[in-house]
Amino acid sequence: MGNPPLKGAGGCSMVVIINELHYSPNLIMRKTFLLLFCLIVTFSLSAQKRKKSKKVSEEVVVQVQKKPLTHDVYDSWKEIPDKMLSNDGSTIVYTLNPQEGDGRVVFHSLKNTKIDSVQRGAEIRLADDSEYAVFKIKPQLNLVKSMKRLKKKKEEMPKDSLGIYGLKTNLVTKIPNVLSYKIPEKVGGWLAYQLEETKKIDIAKKKDSLVKSEPKKKASKKESEENGYRLVLKNFKTNTDQTFSFVTEYNFAKYAKRLVFSTTGNDSTLLSGVYAYDLQNGKLENIFKSKGKFKKLSLSEDGTQIAFIADLDTNTKTQIRLPKLYRWKEGDVQAQLLTDEKQTFAPAGWLVSDNYQPRFSKDGKRLFFGTNPKPVVPDTTLLPEEIVSVEVWNWQDKKLQTQQKVTSDEDKKRSYLSVIHLDNLKIIQLGFVEIPSVSLDKEANHGTVLAISEVPYSNQHWNFDTKKDVYLINLQDGSRKQIATALQGNPVLSPNAQYVTWWSMPDTAWFAYSLNTEKTIKLTNNQGVKFFDEDDDHPDLPSSYGSAGWVDDTKDPMFVVYDRYDAWAIDLKNNVPMLITGGRANKVQYRYVNLDADDKFILGKNALWKLVYEKDKSEGYAIPTSPLSKPKEIYKVDYTLSNPIKAKGTDNLIFTKQNFQNFPDLYTSDLSFQNVQKVSEANPQQKDYAWGTVELVDYKAFDGTPLQGLLYKPENFDATKKYPMMVYFYERNTENLHLHITPSPIRAAINYPYFTSNGYVIFVPDIVYKAGDPGKSAYNCIIAGTKEMIAKGFINPERVGISGHSWGGYQTAYLVTQTNMFRAAEAGAPVANMTSAYGGIRWESGNSRQAQYEKGQTRIGGTLWDKFDKYVENSPLFQAPKIQTPLLMMHNDDDGAVPWQQGIEFYSALKRLNKPVWLLNYNGEKHGLIQRKNKKDFAKRLYQYFDHYLKDAPAPTWMTDGLPMLEKGINQKLEVGK
């Protein structure tokens, strides 16, 4: 905000620009000082004018400097994680949350621009009729922390509340101690929620309780879950509530005909079993009476049928449970058993799965459910010291032991799909151990389903591009037809089950299989334009640019696929691709935006395309005048745009736009984009801080390859000065020109605005690779670009640092063996020795690392024994004696992507060679930092490190003296040494 000019003697005017929002005492003092300074200047200039009558009047501008970002700003910087629009388009709802602290849910009316909010709102759902928003209200963060410090038990901790906000009335209702809630998907007017039991302490009676009989023990969390909670059903139209006790599970029908719930019946009002409540006539029916556990409650779309899984064995110590599948239909007195452990349709010994949610087809004619083999259970008579725990790694294993370990919980719960035809109760087993994956579309109405098996090829742990056998299964008799063998691609069934389409990586082409003709058609041939990724430089088969979907798959079947820029509609009757966009000539990428998740087909009403202009990275939207006509550009900005969210019943929509200077705030418009209005202002405090700018720069690699990079500059950049520069990189980044980065503690990558705000230039080069030479390729691109940036004249060549994480960490480690141009380097989770890393395991997935080196990101292009020299020459470890650059590493002991022993190998070598090296190991952390406390700590250490080497700041104690193990967790040594 600016003050009006102060007129001094002789007509001299002064402008005092104050960039503050709140008038604190310190601010008043600063403003007073500035005013006095201006008056002094005024009188001085007036005197000079009296001495020199011909001198032209001067204007003096005194401008308050913006503040540099500090580590203290992180917590208050806000994000908008949730954003939605009511179906009638009248209200925008979004959450505005600080990085750490209590956020709020905001309600923005588009009818009267009224803005309202509720503190700590989360898990928001909007009613289908646009009358209400329902959400959880989380406890205050400070209160939760206080209770933790008091060592309170879980059941004593503050509970969530439920918020109900009237979108038309702007009234909010709060209900305490709510465990969960649900609303119908397609009808408004109803809400169901479960209440948690709370512990009440009567202080007046507390003393007496010490001498009287012990109070009744409060149920544990587990006991409460088993016994159930109170369920409240709210009717918004009549404003009435009904309560049902000891409810364990509940669910609404999609169109709100019924509510179904199960109860343990631990009171006199309801017996144990399953109940259906008719929301239209208020009738409550006990559809299954029995002791036991009931789960996976499912309803047909119209609410006339209910299915559930029942475990009627009340002996909790029974190891092998025997789930049973029941179904109730309107008119039945009690639910009927459909199948159980006595089944004859699946392999002998298989059971009904209690881990699969039964699902009715959209038309209600079929019920899909899961089965599984009888589980293997331990011998409970053995003592712990009698149990042998050993892994047997067999060369014929279908999956590595490490993969099996990672997926063990998933494997225990694995289900194999089955179907019941409800007209005759015929049951067909669809999935088997050898063909485990059977997929259903949204409606599940069709007589054919798609099945995929990777089992025959799952032993090929060295290949990330898993092969698949593809089948079509007839639901009437379970017969299978194999339509592809060893496919390297992802097959998808068309919306009406008329075709199966896939991208074949070995053929670099799209294919379609017709269920009617039983023939496979090759749809693309890469003549004229390429449908595979043109920029992919891995020594592997390239992927496609993807597909937009189907215009139709019955009468006039038409499938839409992408090339680098355009969309092509392929007529499957004539196998003729038709260009429907036209962006290649101007290097504009067109991608279809699906504005209605319920649409099975594309290019219907309200079709919208998103545009990306490759040359300057600007983006826009376009609409076609007819389904297959070239879209007309209607909106273009130098921002990155999100895919809009459209109201179901109107043309109103919301979207975000962002660039380096501007947070991705919410904007609203209709489909014309003629009246775009800003909705949110998440971080108004940003204007008080120095930020910076970013621009595209062109340069050439040493081998002459034309490349681009991003150059970030401090605010008020002065080309006559010499700046310290950071170099950061990861593959290609220029597509992120308009990406906004908020100030935040570091997970892995450096924070760009923090560096620019504190006077650094940042260079982010694109990198292209040649198979077998990842290290040399990095040098060819990164060093060439860095030298060109230095040659511009505003970079201090003696104050250049480099940082990278993971793949970037490896390249940082490699580059410091090849050049001494960097004053300091930081490598996060680097691979130092490819020969030892090659045969290792990616522990998060359990996969072998071999594929990564042969065909993946490392790009060696062959095995260790075939290309041994390449593995050695690309490994920084073997060239460690050449390093003269100080190196900071972060490599954590629970890294599941790059074994942290790689960091230790490099550290040990450099320590032995008496090179300055530091290794940060955040105990229990992963490949990138997860815990916020550790992110904050790493941010402080990394910036201290680079400030010391690039800005001559004093070194902190952890750099000069280290941190002894006995002081870990007690002292952090972040202070500057004396």
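**View 1. Ser806, a buried serine in a predicted model**. Ser806 has a relative accessibility of 16%. The cut-off for buried is under 20%, so Ser806 counts as buried. Ser806 lies in the loop between strand E54 (795–805) and helix H9 (807–815).

**View 2. The surroundings of Ser806**. The side chain of Ser806 makes a polar contact with the side chain of His927, at 2.7 Å. His927 is also among the residues that Ser806 touches.

**View 3. Helix H9, mostly covered**. Nine of the nine residues of H9 are buried. They are Trp807, Gly808, Gly809, Tyr810, Gln811, Thr812, Ala813, Tyr814 and Leu815.

**View 4. Packing partners of H9**. The buried residues of H9 pack against several helices: H8 (774–791), H10 (834–837), H12 (868–873) and H13 (901–912). They also pack against two strands, E54 and E55 (824–828).

**View 5. A nonpolar patch on the surface**. Val388, Val390 and Val392 form this patch. Together they have about 330 Å² of accessible area. Val388 sits in the loop between strand E26 (366–372) and helix H5 (401–406). The relative accessible area of Val388 is 69%. Exposed means over 50%, so Val388 is exposed.

How values were computed: Residues numbered from 1 in each chain as written. Predicted model: local features only at pLDDT ≥ 70, side-chain atom pairs only at ≥ 80, totals over all residues. Heavy atoms only, no water. Patch = residues over 30% accessible without salt bridge, like charges linked within 9 Å, V, L, I, M, F, W, Y side chains within 5 Å. Areas by Shrake-Rupley, 256 points an atom, 1.4 Å probe, with all protein chains shown as cover. Salt bridge = Lys/Arg side-chain N within 4 Å of Asp/Glu carboxyl O. Helix = DSSP H or I, 4+ residues; strand = E, 2+ residues; numbered from the N terminus. Buried < 20%, exposed > 50% of the residue type's maximum accessible area, 1.4 Å probe, protein only. Polar contact = N/O pair within 3.5 Å; in protein donor to acceptor, adjacent residues only side chain to side chain. Contact = heavy atoms within 4.5 Å. Lists of a residue's contacts leave out its neighbours within four places in sequence.
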